[in-house]
Amino acid sequence: MSYVNAHAKQWEIIHQELATDSDKGLSKKEVEKRLRQYGPNSLIETKKTSPILIFLSQFKSPFIIVLGIAALMSIYFGQLLDASAIGVVLLINASIGFAMEYQAQQSMEALKLLTVIPAKVLREGQVEEVPSHEVVPGDILYVEAGDMVQADARLFTLSQLEVNESALTGESMPISKKLDVLPVDCPMADRRNMLFKGTFITRGNGYAIVTNTGMQTEFGQIAEMVQSSEEEDTPLEKKINVFSRKLIWITSVLVVIIFLAGLLQGHPFVSMFKTSIALAVAAVPEALPIVATLALAQGMLRMARHNVIVKRLAAVETLGGTTVICTDKTGTLTENRIEVSMLSMDAGDLTIEPDAIHQSIHIQDGEQLLRTLNYEMIQLVSCLCNTADISVHGHELREVGDPLETGLLKFSRAGKKDILAIRKLHPKVKEEPFSSETKIMATCHASGGDYLTCVKGAVEELLLRCTHVLKDRETLPMDEATRAHYRNEAHRMAASGLRVIGAAFKEGHQIPDVLSRELTFAGLIGMMDPPRTEVAAAIHECRTAGIEVLMATGDHPATARNIGLKLGLLSGEGEIVMSGSEMGDYENLTEEKKKAWLSARIFARVTPKQKLDLVKFLQENEHVVGMTGDGVNDAPALKKADIGIAMGKRGTQVAQEVADMVLKDDSFTSIVVAIKQGRVIFENIRMFVVFLLSSNLSELAVIGATAVLDTHFALIPLQILFINLVTDALPALALGVSEANELVMQQKPRRTSEPIVGPKQWTALMVYALVLAGAAFAAVVWVHYTTHVNTTHPTEVCNNILFLTLIVSKLLHVFNVTPASSKSFFYSEVARNKFVWYALVICLSLTVLAFFIPGVAEALKLEPIALEDWGVVIFISVISVFFNRVLKQLRIVV
């Protein structure tokens, strides 16, 4: 049972209700009792999929099941060679799928945290470190800078305490904590008197009473949502299942018709049953599972080269159909660090982008202000009134201390200030540390024979302590109009999403008794978590590809708007930013509210549940949703989305566990690479599905026609299997690795309802199948009634011509399945694909060799073929390709 509304109660009441002592803490005996009562302070982890289950999951495809039944029936009727061939196909497919998914699982294991983080608690009057799972409600938790909070707790003593809660709430700036009682309905992100499990202490220290542990914490509630959230099949998996069922029904109907027709003609039951098995094997493209698996696996490997770990094969394609990317802000669109971005001084505003590593400042506006004394004094205050430190090692910047203070140091260094030299020249002699009461920090430094006092802090408080204001190189008295001007400027900057502090100083011949009085105001410093430099271009490319990018963050609406404008998510100030409080109840949305949800591009101050609701809402409106994020607060939505994409560097373990993909370099641009690869894979899958189905249906037409017409040259089951293995697998594999055409990222996303094989593709493959079957019969008729009129073995010759023509025409048929967006025949993706040509050479060579290897020729009932017969086979096969190309050019088929 969880302890509720701790933020709305006096801490003394909580101590009484949880029966603890703020001075001594709990006794060890009481801890043992509460461990039995509340359980360990740990989350219930989802069970990892075992290697055996990963392997067995490769056999759940309908095609695989049908092939397995065909293999069993072959064994029953003594066709062991046929059964063995089908078994090899099944094993290869399962092995490839298992290898790729198991490798992805192992990569994820390498990303996990390998250490157990302890907690500091007060037990029997002594602060001691204990394993985090032993923390119980009522424990007195002690935290200080650098600690990770191990349970939810109500603060009752603190000193300059600031907490980074970005992983839980999405708020990028450290939160200053306080002890005041808050309203019951206060949102989690604004509960300043609480500590939450999984957050980090960035400054100060404090004592708090533990109110909730384990699954009862806010962290645990999110984990529970993750576990209860249903994991969706990817669109590709859904489409393949629909397509498979449709094909199986079509095959079953045709097989039954041909089986009954044979019985009515007086053929033996067993003979027709064997023919039916042959028909089923011919109709089911046994190469499809292997080719689809390898096409996806190759996509996985390509993406791995771009630092993307894909955990599920089918997830590779889904990004290609993504219509909306719903992304977190902090750490995904932004750098997850604080930098100075604006200065407001008497002479005007200066908008900047500091580069601390290369010691340069990119000026967006107000370059002339760099030469003012105000600017120099703000830089000096940023450097001296500061307890943090930064250092550069190669191209890496190392930061130690409060993020706000390291941001100020980066600003000073970017302005070509030597921080160590300045601090050596102005040694600190006195300090008044920042406190939540004064909201100001002041330091005094020796400066030649005099003393320089530097002060920074909350604008409102600092202005009250200033008696003068710096106007360029003059120091003038501070009046109320000037104070009002800077207050208004501070409000304006805060409204644009900046965190604003003031900078002031004073000079004297002695060390002041009180540092923060009679100050001279230098200006305002606006700070923000800057957007990643490469993200704007990536968002533009997504839009070009017809993909909408939405931001869903726990941060302040003004901050979200500012980032949205910088990245191009918003085109102007007029566009709305919807806050969590404005979203309403997902279960009871009005039509007007639904339209607002669909039109908004930025959602701010949203809770983890609202992120999850947003993903559900978009899916209900027929969107394929990709969700990116790195925090614990993103995990439920990551799992529910069609594609969950977690960050590898900054991402929490919870987010990485539930995501379908992990970006090892945290680069949003890698998503664009994944989208392109997904689209290429879908086109390739569509190409080889049309190729395989039209090829196999041509066999079905030939077998059905020979059975119904009772011809003397029917194909035997082993020949059918040989044709499938030789002509299907390698050409289809080659199609599966075709490169993208240059228009792939200029096309709109596919509709969610668009199947792999739509009406146009079904029409095309039926026409292709009839042309291929007709070509095979034409070759037999030609040979039978011209070159072999008087032959003594017409059955064997006709059988072999039928066998050969089907193989050659099917191999050349690979050139008919190029997508509609392709260029001319010779410059299409297929014609330029070297693997297609390799496949044709290998398959034709295997076919020729089959005639000369005694055991194989005997099993396949093959006899030597004359050169003129080869000529007929090749000529008819080329004509079939030409005929299909003409139909394609006339737009009769796609």
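## Basis of the description

Two strands are taken to pair if DSSP finds at least two bridges between them, and the helices (H or I, at least four residues) and strands (E, at least two) are themselves DSSP runs, numbered from the N terminus. The structure is a predicted model, in which local features need pLDDT of at least 70 and side-chain atom pairs count only at pLDDT 80 or more, while totals for chains, interfaces and linings use all residues. Residues are numbered from 1 along each chain as its sequence is written, and side-chain values use heavy atoms, with hydrogens and water left out.

## The chain as a whole

The chain holds 31 helices and 27 strands. Of its 894 residues, 55% are buried, where buried means under 20% relative accessible area, exposed means over 50%, and partly exposed lies in between (1.4 Å probe, protein chains only).

Contact means heavy atoms within 4.5 Å. Among contacts between residues at least 6 apart in sequence, 72% join residues at least 24 apart.

## Strand β1 and its partners

Strand β1 (residues 118-123) is mostly covered, with five of its six residues buried. Its pairing with strand β2 (residues 126-131) is antiparallel and extends over six bridges; within that pairing, Pro 118 stands opposite Pro 131, and Lys 120 stands opposite Glu 129. Two residues lie between the strands of this hairpin, in which Glu 124 takes a positive phi near 55°.

Strand β1 is also joined to strand β3 (residues 140-144), by two bridges and again in the antiparallel sense. In β3, Ile 140 is the bridge partner of Leu 122.

## Helix α16 and its surroundings

Helix α16 (residues 480-495) comprises 16 residues and reaches 22 Å from its first C-alpha to its last, close to the 22 Å expected at 1.5 Å a residue; the expected span of a helix is 1.5 Å times one less than its number of residues. The buried residues of α16 are Thr 482, Arg 483, Tyr 486, Arg 487, Glu 489, Ala 490 and Met 493. They cover an arc of only 160° around the axis, which puts them on the same side of α16, the arc being that of the directions from the helix axis to the C-beta atoms. An α-helix has 3.6 residues a turn, so residues three or four places apart point the same way.

The face of α16 turned away from this buried side carries the exposed residues Glu 480, Ala 481, Asn 488, His 491 and Ala 495. What covers the buried residues includes the strands β10 (339-345), β11 (348-355), β18 (466-471), β20 (499-508) and β21 (519-528), together with helix α15 (459-464). Just after α16, Gly 497 takes a positive phi of about 100°.

## Helix α21

The 13 residues of helix α21 (residues 608-620) should span 18 Å at 1.5 Å a residue, and its end C-alpha atoms are 19 Å apart, which agrees. This helix is mostly covered, since 10 of its 13 residues are buried; among them are Pro 608, Lys 611, Leu 614, Phe 617 and Leu 618. Just after α21, Glu 622 takes a positive phi of about 65°.

Glu 339 is found in strand β10 and is buried, with a relative accessible area of 11%. Leaving aside neighbours within four places in sequence, Glu 339 is in contact with Pro 354, Lys 410, Gly 526, Met 527, Met 528 and Pro 530.

Met 647 lies in strand β26 (residues 643-647) and counts as buried at 0% relative accessibility. Not counting residues up to four places away in sequence, Met 647 touches several others, including Gly 331, Thr 332, Asp 630, Gln 656 and Asp 666. The C-alpha atoms of Met 647 and Met 661, which are 14 residues apart along the chain, are separated by 8.7 Å.

## Cysteines

A search of the whole structure finds zero disulfides, a disulfide being a pair of cysteine sulfur atoms within 2.5 Å. For Cys 444, the closest cysteine sulfur is that of Cys 454, at 8.7 Å, which is too far for a bond. Cys 444 counts as buried at 0% relative accessibility, and Cys 798 counts as buried at 1%.
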